[in-house]
Amino acid sequence: MKERKNIRPLEDGIKLDVSERKNYGGYLCLDTLFSAQKPLSDPEHHDEMLFIIQHQTSELWMKLIVHELTEAIRCVQIKRLGRASKILARVKQIQKQLFEQWAVLETLTPSEYTQFRHVLGNASGFQSVHYRQVEFLLGNKNKNMVKVFPEDSESRAILQDVLAAPSIYDVFIKHLFDEGYSVPESLVQRDLRKPHVFNQDLMDVLVVIYKRPDQHWAMYALCEQLVDVEQSFQLWRFRHMKTVERIIGFKQGTGGSSGVSFLKKALELTFFPELLKLRTEL
């Protein structure tokens with residue numbers, strides 16, 4: 001029997017002569033990406049690399065969520081609800097990646113983390129611009145959070161713009177109003193820099209949509225996508241809180257927050273209160 005070689009030869013059509021920018025590493029700027037992991041512990045603690053990459057990849061996923069939510073908002077504004085629903089379905093899958101990532105960080109024990117936690121200084125996820133953008137785009141507006149960032153910084157300028165812009169829920173409510181639903185005019189003329197507050201009249205409109213989904217399918221489908229996104233976000237918040245509790249207990253956060261207690265309070269916040277409460281009314 002002829003011996004089979006355990007090797008795969010290169011095919012004739014494979015491109016070997018490509019410019020740096022047009023090859024795989026160049027297109028993805030991998031040199032830049034891979035040079036961004038810079039542990040500060042000395043001597044370098046093995047687990048600090050895990051901590052850095054965990055948070056860097058989370059930031060990349062949140063950057064993508066910001067990108068997708070911005071497009072979803074635009075789609076609702078131009079009355080492409082089907083496209084907006086498709087994008088929100090993608091956001092939910094991105095959120096799933098963020099949720100599952102906590103399992104990796106949970107392999108970091110308290111004993112291991114305490115050996116390099118001091119090098120973080122005041123660094124904290126509380127200072128994440130992408131996270132705050134996601135919250136603002138979903139409607140959890142809080143102008144005080146902008147103060148976390150230096151006055152003349154690009155981060156503050158970005159957040160001020162998102163703070164003043166309509167959230168995904170704002171544009172959905174405006175769409176309902178434009179389509180002739182009995183949405184109070186005050187909801188479409190309010191100060192967008194403030195968070196949305198529960199409105200009974202709006203919930204009555206949504207109850208009608210939910211009682212006759214076939215007659216209001218585009219709105220109904222988008223509502224359910226919004227609920228999916230909110231639930232996924234809350235699950236991520238909960239997993240975050242439990243991961244922190246598992247690793248540092250009830251110590252103060254590196255950024256000065258109360259740590260677990262601060263994260264628990266965030267679980268009380270909601271983006272789309274009418275969409276949640278109407279379930280009791282049906």
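Visitor: Which residues line the largest cavity, and what makes a residue part of the lining?

Guide: M62, I65, Q95, L98, Y131, V134, F233 and W236 line it. A cavity is a set of points on a 1 Å grid over the protein atoms alone where a 1.4 Å probe fits but cannot get out, and lining residues have an atom within 4 Å of a point. This is a predicted model, where local features need pLDDT of at least 70, side-chain atom pairs count only at pLDDT 80 or more, and totals for chains, interfaces and linings use all residues. Residues are numbered from 1 along each chain, and side-chain values use heavy atoms, without hydrogens and water.

Visitor: Why is the pair of F126 and F262 called edge-to-face?

Guide: Rings of Phe, Tyr and Trp (its six-membered ring) pair if their centres lie within 6.5 Å; planes under 30 degrees apart are stacked, over 60 edge-to-face, the rest tilted. The centres of F126 and F262 are 5.4 Å apart and the planes stand at 70 degrees, so the pair is edge-to-face.

Visitor: What makes F262 count as partly exposed?

Guide: Buried means under 20% relative accessible area, exposed over 50%, and partly exposed in between (1.4 Å probe, protein chains only). F262 has 31% relative accessibility, so partly exposed is the class. Y210, at 11%, counts as buried.

Visitor: How do you know that R132 sits over the ring of F126?

Guide: The rule asks for NZ of Lys or CZ of Arg within 6 Å of the ring centre and within 35 degrees of the ring normal. The charged end of R132 meets it, 5.2 Å from the centre of the F126 ring. R239 likewise lies over the face of F99, at 4.8 Å.

Note on methods: 1 Å grid on protein atoms, 1.4 Å probe; cavity = no way out; pocket = protein on both sides within 12 Å on 5 of 7 lines; lining within 4 Å.
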